[in-house]
Amino acid sequence: MNVETISLCVVARNEEEFLPALLKDFLAQTFPKHLTEVVLIDSMSTDSTRRIMEQFAQEHQAEYIAVKVIDNPRMIQAYGWNTAITNATCDILVRIDAHAHVPADFLEKNKKLHDSGEEITGGVRPCISANTTRWGDVLLEVENSLFGSSFNISRRGTQRQYVKTLFHAAYRRKLFDEVGLFNGKLLRTEDNELHYRMRQAGHKICFDPDIISYQYARSTLRRMIRQKYSNGYWIALTLGVCPGCISLYHLVPALFVCAIVVTTLLSLFGFHLLTLLMWGAYGLFTLLATILSIARGKGSIYSLLMPLLFLLLHVSYGAGTLVGLAKMPSFAREMKKEQPCAAPDDQ
């Protein structure tokens with residue numbers, strides 16, 4: 001193994017619920033601690049997040065190259081990541097969300113891929129739930145299902161391949177000197193845009209399903225709906241400034257919402273066939289997804305609500321996209337002078 005070091009970076013705001021378990025994951029890593037630097041960025045939390053970070057630094061500083069606790073006064077996540085990048089000193093930088101869980105071999109497996117010559121690496125990232133009730137299990141099933149999370153390779157990829165983007169990626173530190181930092185104007189799609197610039201610069205993003213990390217899904221339906229709406233909204237805004245960041249499947253929920261409106265209007269004038277076809281096809285897919293969930297032993301009485309849950313999440317995402325599309329021209333004009341698909345100066 002090459003004697004190289006890893007900066008393990010986390011940006012957190014009000015993550016007292018999940019951060020302690022994540023820091024335990026860091027301590028359990030099989031990659032040597034004396035070759036690891038931990039960079040913890042606090043985005044002005046109002047709970048005990050910073051205290052947890054400082055306690056970790058105090059107790060484990062001697063085990064690592066360093067444990068750094070740094071403020072992100074702008075609070076925006078992209079600026080937090082930029083703060084982490086500019087303060088990281090190691091050869092490889094690993095970006096982990098605060099509400100995540102990483103197995104003990106996570107760093108070691110990423111390092112092995114880097115040793116083989118890869119520059120950007122990561123793996124599959126399914127969702128898990130902190131809500132262990134039957135209702136929480138159903139929400140998780142909806143989030144993880146093919147019909148709920150699309151064909152995203154990061155959720156269900158089974159073979160090593162080069163991809164457009166990754167969650168919880170490990171980067172060669174020098175790449176940021178070449179392509180620049182995260183674009184702080186993008187609040188949800190900053191990773192898509194950064195990865196686009198990296199691909200444009202000729203760097204490949206290597207997905208390996210043997211590398212696994214987990215993301216905690218939103219614990220309530222209300223939070224899931226808000227998340228989907230926000231995701232759709234920022235997908236649309238980003239489409240106006242960096243189309244190469246976005247894939248066609250991101251726009252399917254918006255097309256679905258448009259289809260609901262159009263077929264409803266047609267039905268009012270007596271044209272019912274398209275309405276029947278659309279809802280028939282949609283109902284079939286939701287029914288199949290529900291049956292597959294129950295067949296995997298994940299079913300409960302709440303599983304009967306899965307078709308409705310799919311509909312709520314798809315409509316929320318699609319509505320967010322349509323609102324974002326309406327605001328996209330003004331957002332694009334604001335961003336044009338900043339060249340978001342170049343290497344923006346966010347510091």
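This is a dialogue on reading features of a predicted model.

Visitor: What overall size and make-up does the chain have?

Guide: The model is predicted. Its chain has 13 helices and 11 strands. Along the principal axes, the C-alpha atoms fill a box of roughly 75 × 50 × 40 Å.

Visitor: How does the radius of gyration of the chain agree with that of a compact globule?

Guide: For 347 residues, a compact globule would have a radius of gyration near 20 Å; the chain has 21 Å, which agrees. Buried residues account for 52% of the 347 residues in the chain.

Visitor: How should I read a salt bridge, and how many are there?

Guide: Side chains of opposite charge can pair when their charged atoms come close. In this structure, a search of the whole model finds 12 salt bridges. One of them joins the side chains of Glu37 and Lys68, at 3.0 Å from N to O. Glu37 is in strand β2 and Lys68 in strand β3, 31 residues apart, and the pair links distant parts of the chain.

Visitor: Are Glu37 and Lys68 buried or partly exposed?

Guide: Glu37 has a relative accessible area of 1%, so it is buried. Lys68 has 23%, so it counts as partly exposed. The cut-off at work here is that buried means under 20% relative accessible area.

Visitor: What does the salt bridge between Lys228 and Glu143 tie together?

Guide: The closest N and O atoms of Lys228 and Glu143 are 3.3 Å apart. Lys228 lies in helix α10 (residues 221-241) and Glu143 in helix α5 (residues 134-144), so the pair ties together parts that are 85 residues apart in sequence. Lys228 and Glu143 are both buried. As for salt bridges that share partners, they join Glu4, Lys111, Asp115 and Arg172 into one network.

Visitor: How is a pair of aromatic rings described?

Guide: By the distance of the centres and the angle of the planes. The structure holds 8 aromatic pairs. In one of them, the ring centres of Phe56 and Tyr64 are 6.2 Å apart and the planes stand at 45°, so the pair is tilted. Both of these residues, Phe56 and Tyr64, are buried.

Visitor: Which aromatic pair is edge-to-face?

Guide: Tyr171 and Phe176 form such a pair, with 5.2 Å centre to centre and 65° between the planes. The cut-off for this reading is an angle over 60 degrees. Tyr171 and Phe176 are buried. Elsewhere, Tyr233, Trp234 and Phe331 form one aromatic cluster.

Visitor: Where do charged side chains sit over rings?

Guide: Arg74 lies over the face of Tyr79, 3.8 Å from the ring centre. The charged end of Arg125 is placed over the ring of Phe167, at 4.0 Å from its centre.

Visitor: Which residues have a positive phi although they are not glycine?

Guide: Met44 and Met75 are cases. Met44 has a phi of about 60° and is found in the loop between β2 (36-42) and α2 (49-60). Its relative accessible area is 35%, so Met44 is partly exposed. For Met75, phi is about 70°, and the residue is in the loop between β3 (66-71) and α3 (77-87). Met75 is partly exposed as well, with a relative accessible area of 42%.

Visitor: Which residues form a nonpolar patch on the surface?

Guide: Ile301, Tyr302, Leu304, Leu305, Leu308 and Leu312 form such a patch, with about 560 Å² of accessible area together. Leu305 is partly exposed, with a relative accessible area of 37%. Leu305 has its place in the loop between α12 (273-295) and α13 (306-336).

Key:
Residues numbered from 1 in each chain as written. Predicted model: local features only at pLDDT ≥ 70, side-chain atom pairs only at ≥ 80, totals over all residues. Heavy atoms only, no water. Patch = residues over 30% accessible without salt bridge, like charges linked within 9 Å, V, L, I, M, F, W, Y side chains within 5 Å. Areas by Shrake-Rupley, 256 points an atom, 1.4 Å probe, with all protein chains shown as cover. Salt bridge = Lys/Arg side-chain N within 4 Å of Asp/Glu carboxyl O. Helix = DSSP H or I, 4+ residues; strand = E, 2+ residues; numbered from the N terminus. Buried < 20%, exposed > 50% of the residue type's maximum accessible area, 1.4 Å probe, protein only. Phe/Tyr/Trp six-rings, centres within 6.5 Å; stacked < 30°, edge-to-face > 60°. Lys NZ or Arg CZ within 6 Å of the ring centre and 35° of its normal. Rg over C-alpha atoms; globule rule 2.2 N^0.38 Å.
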